[in-house]
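Please examine the chain shown below together with its ligand.

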Amino acid sequence: MCGIVAACANRPIADILLNGLQALEYRGYDSAGIALQTDKGLQRIRTPGKISALRQLWQANPIQGECGIAHTRWATHGVPNTANAHPHLSGSKIALVHNGIIENHAALRAELSAAGYQFESETDTEVMVHLIDQLEQQHGDLFSALKAACKRFEGAFAIAVTSSREPGTVVGARRGSPLVMGLGRDDAEHFLASDVHALLPETRRFIYLEEGDMVKIRASEYLLTDSEGTEVSRAIKISQIDAEAFDKGPYAHFMLKEIYEQPAAVAETLEGRVYAGQILANIFGVGADEMLARVENIHIIACGTSYYAGMVARYQIEELAGLPCTTEIASEYRYRKPVVPANTLFVTISQSGETLDTLSALRHAKQAGYLATMAICNVPESSLVRESELVLMTRAGPEIGVASTKAFTTQLAALQLLTLRLAAINGMPGKEYQDRVQELEQLPGLLASALELDSEIQQLAAEFADKQHALYLGRGDHFPIALEGALKLKEISYIHAEAYPAGELKHGPLALVDENMPVVAVAPNDSLLQKLVSNIAEVKARGGRMIVIADKDAVASLAADHGEVVQVETGGSLVAPIVLTIPMQLLAYHVALLKGTEIDQPRNLAKSVTVE
Ligand code: M6R
């Protein structure tokens, strides 16, 4: 998704901006640009494509200055071309970069056109720079113009603006999209960015802007206000992010590195939370255990892969804790009027904690009478964490590949902590509880064993490389694992993949099956195995090419002609969905590798989806 970097310092900053944009590449983008205040006035370079292309343009025309803004754009309004790339200018004096969507852009465009402003792009963003230009001339200073303009914008935004009428100054604001301020060397340089990763080579000291906050930075000072313009003070946080997380090391792709990090990431997620068959008290926050004792219902809300983690939890919470649980897609939930039964816990799941649909769902839920809100999230300083009452961090470490891998398995591990805590409160016998927690403690070792299947799965990938479509099947809490397997394949290999509950096959999708249709089934050794075996037979009878990812104890139930079987040691019913995810991830990875697609940054996708 779009990225912002801005800097004011007493040294040339073009490299800081370009390196910052490079660090944000993982978020996904399709054009990029920078604008600097130079001794020749405001100068700008923009291009569709990669940061490397922007760098080449800059090397041909190395504009320099000590104050400027930069952007990676992920197209929403208007195709990815130079005219639509940010920064946008109004005349020659003022430049702006924007993440988010301005919903009333058409009305503002009409108003500003009538006032004589010429539009050069198809974007919703360009209205912002013209409006701020108009207001700067009325109010006499950039910060007042920003404050007045923010009152006119409808929608979500994080912006950074610089004006050559105020040399050495950048102003910014956030509403709905994240923005952070970095404090640089000797407090004599200040930065803005949409994501701390952009600034880690320059600083570890950050102030996270809160909803509605506005900021003015100069090299040696800053001003931070709330949406009304009242000066506020916000805590300075020291980022603990490990620089190695941004290095692929010996791996060809971040996605592969992150797949291999899963045993350690899950171990880290369980660390200090489970011990000797027990889940420790209050791991969801102070007083959480008393609150959990009052929970009678659960609503889980998330998007994409995080939603699939929530779907697995729904099956397991209902089965093990005996509590009604629903899981819903955030973009649907946020626009409906939910009927909330008494004592319902609202749970959001998100890797980034900045997914706008999930955040908006949380804000919507706060008006709806829930018992409490809980976030399961991977980014400690994210908006979702800050706005939730209870939190369980997943501790996966930074996930750079757009396709979620270690975020998913750590979310599942965290959700199983919640499930077992609720199960214990709601009468799961002590011995069973202890056995289940011990199952969870075995998980890192089981994931490490599953990774040993890598070369076997690599061989199977060849089956897919020339295919246009694939089907994935699962039942019960493994149906969401089939969904996740299909999502991984389509995201990074661009093969059309659909997942179905295996029992649904004969109600329609079976018509698609022939010898050109690879079908992947997830086969745990559970009470639904025989049903799944019958569904596999239905595919084989139509000439379909089966690949079965099976618990090793389920293999005996499969017929000899049931296709290729990958045998996995899953360690028990609770953790089986997590372990069986690993072969799905590896399969998608190797198919994409054969197809030569851009694995870490698939086309059209963004890592953190901060627009609707
Ligand atoms: O950061 P979040 O977990 O809220 O992101 C939700 C989805 O955008 C994300 O899981 C997406 O589906 C991934 N690309 C899946 O690999």
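How far apart do the C-alpha centres of domain 1 and domain 3 lie? In this predicted model, the C-alpha centres of domain 1 and domain 3 are 45 Å apart. The domain assignment divides the chain into domain 1 (3-241), domain 2 (247-451) and domain 3 (454-599).

With this division in view, the position of the ligand can be described. Residues of both domain 2 (247-451) and domain 3 (454-599) belong to the shell around the ligand, and therefore the ligand lies between these two domains. The space that the ligand takes is the second largest pocket. Two elements, α9 (304-321) and α17 (479-493), each give two or more residues to the shell around the ligand.

The shell may next be considered by residue. There are 14 residues around the ligand, and those that come nearest are Ser306, Ser350, Gln351, Thr355 and Glu491. Sorted by class, the shell consists of eight polar, four nonpolar and two charged residues.

For Ser404, a backbone N or O atom lies 2.8 Å from an oxygen atom of the ligand. An oxygen atom of the ligand likewise lies 3.1 Å from a backbone N or O atom of Thr305. In the case of Val402, the ligand atom is a nitrogen, and the distance from it to a backbone N or O atom of the residue is 3.2 Å. As for the ligand surface, the ligand on its own has 410 Å² of accessible area, of which the protein covers 90%.

Two details of the backbone remain to be described. Which peptide bond is cis, with omega near 0 degrees? It is the bond that leads from His86 to Pro87. Pro87 is situated in the loop that connects β4 (67-73) and β5 (88-90). The second detail concerns Asp187, a residue other than glycine whose phi is positive, at a value near 55 degrees. Asp187 also belongs to a loop, here the one between β9 (180-183) and β10 (190-193).

Key:
Residues numbered from 1 in each chain as written. Predicted model: local features only at pLDDT ≥ 70, side-chain atom pairs only at ≥ 80, totals over all residues. Heavy atoms only, no water. Near = heavy atom within 4 Å. Polar contact = N/O pair within 3.5 Å; in protein donor to acceptor, adjacent residues only side chain to side chain. Areas by Shrake-Rupley, 256 points an atom, 1.4 Å probe, with all protein chains shown as cover. 1 Å grid on protein atoms, 1.4 Å probe; cavity = no way out; pocket = protein on both sides within 12 Å on 5 of 7 lines; lining within 4 Å. Sits in = over half its atoms within 2 Å of the grid points. Helix = DSSP H or I, 4+ residues; strand = E, 2+ residues; numbered from the N terminus. Nonpolar A, V, L, I, M, F, W, Y, C, P; charged D, E, K, R; others polar. Domains from an automatic or database assignment.
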